[in-house]
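Please keep the sequence and the model side by side while reading.

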Amino acid sequence: MFRHHRLRICLCVLAIASTDLGASEAESAPEAPEAPTVPAERPALPSRSESMAAELARQLPSTEVLRLQASDEAFMALWRPANVAEPKGLVILLPGAGESADWPRGIGPLRRGLPDYGWHTLSVSLPDSPGLLPPATPEPEREPPAEEDGPSEAPAADSDPQATPNEAGYLPEETATAPDESTSEAVQSEPDPSTDPDEGPQLVERIDGRIDAALAHARTLQPGLIVLLGQGTGGYWAARYLQQLAPEDVRHLLLIQPRQPEGQEEPLAQLVPALKLATGDFFYQNGTAASAEARARLNASRRIQHPAYHQVGLPALIDDRESEQQQLLRRVRGWLDKQP
């Protein structure tokens, strides 16, 4: 009996000793390295023009929204038929850089107003130019960091919270849902040095492809007369397209405050007068640079005795936007009605 009792005591001592040894080995063993965390891939942000087109497609009636195809690229256009029994023709509208196919100044009022005076309208969304910032996207909400003991560091006096780029790498800016500016100059930025050097030629090809697709769709309607209208840089692309391809069924060219895009060498003063087709050149007289450029185009047309170039100086932009746009519509309609 005593021997059995001693055996039990020895077994208990051995068990306790092995438990202590295992615990000490576990404490001394190095921790296994954590697997490196792979950052989740963020989906590519849509371009500014794509975001504005998507927003317009949600807001406008489905009967106005068309999906056209240019090579391997689908894009949106806005269609409105003439509100008369015998239409006079079809106007294809090209917005400027940073503008949508229904921009609230120029493009939008014209595409909605001209049908009342006998014109079909087809407004085309153009791709973004190099250096144009995409619309900002809201960042996900983050929990505030836990407060630590001790005084917190105050932000530097010269730091500007509005000037801090977000995770996408650009500064927050106005989105397509509120295109409230008179021009699209404010949405442009300096071109990124890392931009693909072929982006310029690709942009020209994409714009020409979209004009091709718009003309192909217009021809299926047999409008009889096709007019190309460009606003801002859209005026340059319209003139360049006509210079390069010279389609016979495009009879007239309309320019609204035309502007030469960055990276394009041929000035408008050489490009526009050389077309030799009926051209209406509308510009606002509220800017010295715009007036000087308009004068250069007018002088160039006089030197070559252009047969049908007509320039219209519009009064300075006013605070009453509705009256301003009605005036533009009347001037454009009046010019169209005077053409043979």
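Val91 stands opposite Thr121 in S4. Helices (H or I, at least four residues) and strands (E, at least two) are DSSP runs, numbered from the N terminus. The model is a predicted one, in which local features need pLDDT of at least 70 and side-chain atom pairs count only at pLDDT 80 or more, while totals for chains, interfaces and linings use all residues. Residues are numbered from 1 along each chain as its sequence is written, and side-chain values use heavy atoms, with hydrogens and water left out.

Strand S3 (residues 89–94) and S4 run parallel and are joined by five bridges. S2 and S4, by contrast, run antiparallel, with four bridges joining them; here Trp79 has Leu122 of S4 as its bridge partner. Two strands are said to pair if DSSP finds at least two bridges between them.

How well is S4 covered? Six of its six residues are buried, where buried means under 20% relative accessible area, exposed over 50%, and partly exposed in between (1.4 Å probe, protein chains only). The cover is on both faces: Trp119, Thr121 and Ser123 are buried on one side, and His120, Leu122 and Val124 on the other.

These strands belong to an open sheet of eight strands with mixed pairing, in the order S1-S2-S4-S3-S5-S6-S7-S8. Strand S1 (65–70) and strand S8 (309–314) are the edge strands, each pairing on one side only. On average, neighbouring strands of the sheet are turned by 20° against each other, direction ignored. Axes are lines fitted to C-alpha atoms, for helices over the stretch in contact, and angles run from 0 to 180 degrees between N-to-C directions.

S1 runs antiparallel to strand S2 (residues 73–80), and six bridges join the two. Leu66 has Ala77 in S2 as its bridge partner. Arg67 also has its place in strand S1. Is Arg67 buried or exposed? Arg67 is exposed, with a relative accessible area of 58%. Leaving aside residues up to four places away in sequence, Arg67 touches Ala74, Phe75 and Met76, contact meaning heavy atoms within 4.5 Å. Leu78 is eleven residues from Arg67 along the chain, and their C-alpha atoms are separated by 8.8 Å.

**Helices on the sheet**

Helix H7 (residues 288–303) lies across strand S7 (278–284) and S8, running at about 160° to S7. Helix H8 (residues 321–338) packs on the sheet, where it touches strand S4 (119–124), strand S5 (226–231), strand S6 (250–256), S7 and S8; the direction of H8 makes about 160° with that of S7.

H7 has 16 residues and reaches 23 Å from its first C-alpha to its last, close to the 22 Å expected at 1.5 Å a residue; the expected span is 1.5 Å times one less than the number of residues. Its buried residues are Ala290, Ala294, Arg297, Leu298, Ala300 and Ser301. They lie on the same side of H7 because they cover an arc of only 160° around the axis, the arc being that of the directions from the helix axis to the C-beta atoms. An α-helix has 3.6 residues a turn, so residues three or four places apart point the same way. The buried residues of H7 pack against helix H6 (268–271), S7 and S8. On the other side of H7, Thr288, Ala289, Arg302 and Arg303 are exposed. Just after H7, Gln305 takes a positive phi of about 55°.

H8 has 18 residues and spans 26 Å from its first C-alpha to its last, close to the 26 Å expected at 1.5 Å a residue. Glu324, Gln325, Leu328, Leu329, Val332, Trp335 and Leu336 are buried in H8. Their arc around the axis is only 135°, which puts them on the same side of H8. Their cover includes helix H3 (107–113), S4, S5, S6, S7 and S8. Glu322 and Lys338 are exposed residues on the face of H8 turned away from its buried side.

**The chain as a whole**

In total, the chain has eight helices and eight strands. Of its 340 residues, 41% count as buried. Among contacts with a separation of 6 or more, residues 24 or more positions apart account for 78%.
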